[in-house]
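Let's learn to read a protein structure together. Have a look at the sequence and the model below.

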Amino acid sequence: MRIYYKLLLIILFLCGILFLALSFISFNAVRSLVDSLVKDVRVDFINYGFYSKLIFRLRLLSLLTIIIASLMAFYRIQIDNYLSIKLSKLIISYQDLKKSIINYTKLLFKDHKIELLSLGLIISVGIFLRIFYLFAAIRIDEAGVFIFLSSKPLIVSLFSYPFPGHHVFYTIMVNILHNLLGDQVWVMRLPALIAGILLIPATYLLFRVISNNLAALLSSALVAVSSPLIEFSTNARGYTTITLLFIILLLLIYYLSENRNIFGWAIFILLSAIGFYTITIFLIPFGILISWYIWIVMYSSNKFEYLKDVGLAVIITGLLTFILYLPIIVVNGSGVILSNEYVTAMPLLLFIKGLGPMVSSTWASWNQDIPSVITYLIAFGFIIFVSTIKYAHKELRALLISTLLFISILLFIKRVNPWPRIWLFLIPIYFGLACTGLSYIIDKFNWHRLSVSIVISMVFLFGISRNIILNDTIFNSDNGGQLLVDGEQITKYIKDHVKLKDDKVFVVNLTYRSPMMYYFRMYNLPMNHLLRYNSMENEQFKSDMKNLIVIEVDNVLKEKKETVLEDAKVNINDFQSSVLLTKFKVSSLYLYKRQ
């Protein structure tokens, strides 16, 4: 038995013993540990009911771990032999995959230099637009995740799931970057930015492989200047991460549909598990991937071997995802992931009624900031592709049909109408198929096909870029959590002109509380002087509060001062008439003094 297998058995047995030992920790010790990890944040869920469930799950996990370790020890010879065979195949298949990538890359750089120079310009424009919005004010969702998770010790991100906005893998990346580079907004957006930039060449490669070079160039240009893709490339959420993973996995699974490569499947499993660990809605792209693969290999004479490969990959991906989420499940239960408000089934009639608005809002999002002429041109290209689908490559035909079928079936099973951002991963596919249709028209020219494609790509680039910058839609969008443009200026003003503690001044705007917490933290202001949803239920707090500063916002989410006070359950009759302190770009500060 090899040393790595012995080490694995020892670790499993020790984990089983550790889980059992942890189950005997007292309630007070658990409470103290949580309080020490999440300083400055009130934790209300730690009670005896939570404690009892935690103890039960720890002991159950201990039992299961020891049983698995015992079975692995009993069948150690068979398992070790099986792993040895697979390891040798893994090394050989790695060499095969590496060789295929190197050969394709050499061919691309040797024979398609002008095409690659055009792609370089496209990527440069995409980088510029993303950098332009990288330093925008922090958004509500970004701030909430950072304050309650990313800024805390890593163990908090690994074991807690306070809200569905916790995109676990992304949160972990931000936690690491925060400790290395600081707590600036651009730092927490860095993984989204990198994924958003890499998405441009990834889209090019995918459609160059499964369609043609003209469609690849055109679609990469559209991805580079797609307003929602730019927005989420500069938003510290996991949506561009799973979009990039989806495109890479489409490329990989296309290769695996023609080559039985165990290393390729290992990469597929790892990247898929990361996708699920980022956001559980990765189930949709994952289902499309598997459906597409099955459709393609059904044409193969060796289809049963290929189907066996994908079946095993799905099982292992599920197990690996479960292991990754295990710390969260042990502490919080599976309900926080599987039964949150965003995945709860709607009544059938309400679901059907909401399909139209969902499609309409998604379509509007996909075409945000695109000039009408280009919108119609892209749609025309997609119609051409659909109308000639029976003549298209089987991979493209299978991609469209499997996508539509899987999404339709899943929606009617789950009966939910997701937000437009959930469908972000489909934007490169829509652009790619539409540009494939446009390439059919360009292909009718007998001269300079590539030149025509490059010219159209440049029109896409600069026509859409101009609209994005002039319309300022990304700054005002609330798709990924509204940003408070004046948050930092408000905080600076309060720091310079208001004595929060001495004059017992409290600041209120519940909608933008998370961004204000972020800026209060940055400027070392006491966060307990920001009103919570239930602050006014505390009589002691009400008596301590002498002055109140209300943040009125005149932006996408318009919030008048009266609405802000009503949301916070503040009795306006307890205070004198408001006094305007100062105005900012979209915000105003009003002071209320207690009578």
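Q: What should I know before I start?
A: This is a predicted model, where local features need pLDDT of at least 70 and side-chain atom pairs count only at pLDDT 80 or more, while totals for chains, interfaces and linings use all residues. Residues are numbered from 1 along each chain as its sequence is written, and side-chain values use heavy atoms, with hydrogens and water left out.

Q: How many residues does helix α21 have, and how far does the helix reach?
A: Helices are DSSP runs (H or I, at least four residues), numbered from the N terminus. The expected span is 1.5 Å times one less than the number of residues. Helix α21 (residues 449-471) has 23 residues and reaches 33 Å from its first C-alpha to its last, close to the expected 33 Å. Just after α21 comes Asp472, with a positive phi of about 60°.

Q: Which residues of α21 are buried?
A: Buried means under 20% relative accessible area, exposed over 50%, and partly exposed in between (1.4 Å probe, protein chains only). In α21 the buried residues include Val452, Ile454, Phe460, Leu461 and Ile468. Packing is read from contacts (heavy atoms within 4.5 Å). Among the partners of the buried residues of α21 are α5 (113-134), α18 (372-387) and α20 (427-442).

Q: What do the buried residues of α19 pack against?
A: Their partners include α9 (185-210), α12 (239-256), α18 and α20. Among these buried residues of α19 are Glu395, Arg397, Leu399 and Ile407. Arg415 follows α19 and has a positive phi, near 55°.

Q: What lines the second largest pocket?
A: On a 1 Å grid over the protein atoms alone, a pocket is an open set of points where a 1.4 Å probe fits, with protein on both sides within 12 Å along at least five of seven lines; lining residues have an atom within 4 Å of a point. Here 39 residues form the lining, and Leu83, Ile269, Ile316, Leu319 and Ile323 lie nearest the centre of the pocket. Helix α15 gives the most to this lining, with 12 residues.

Q: How many disulfides are there?
A: A disulfide is a covalent bond between the sulfur atoms of two cysteines. The test is a pair of cysteine sulfur atoms within 2.5 Å. A search of the whole structure finds zero disulfides. As for individual cysteines, Cys15 is partly exposed at 26% relative accessible area, whereas Cys435 is buried at 0%.

Methods. Helices (H or I, at least four residues) and strands (E, at least two) are DSSP runs, numbered from the N terminus.
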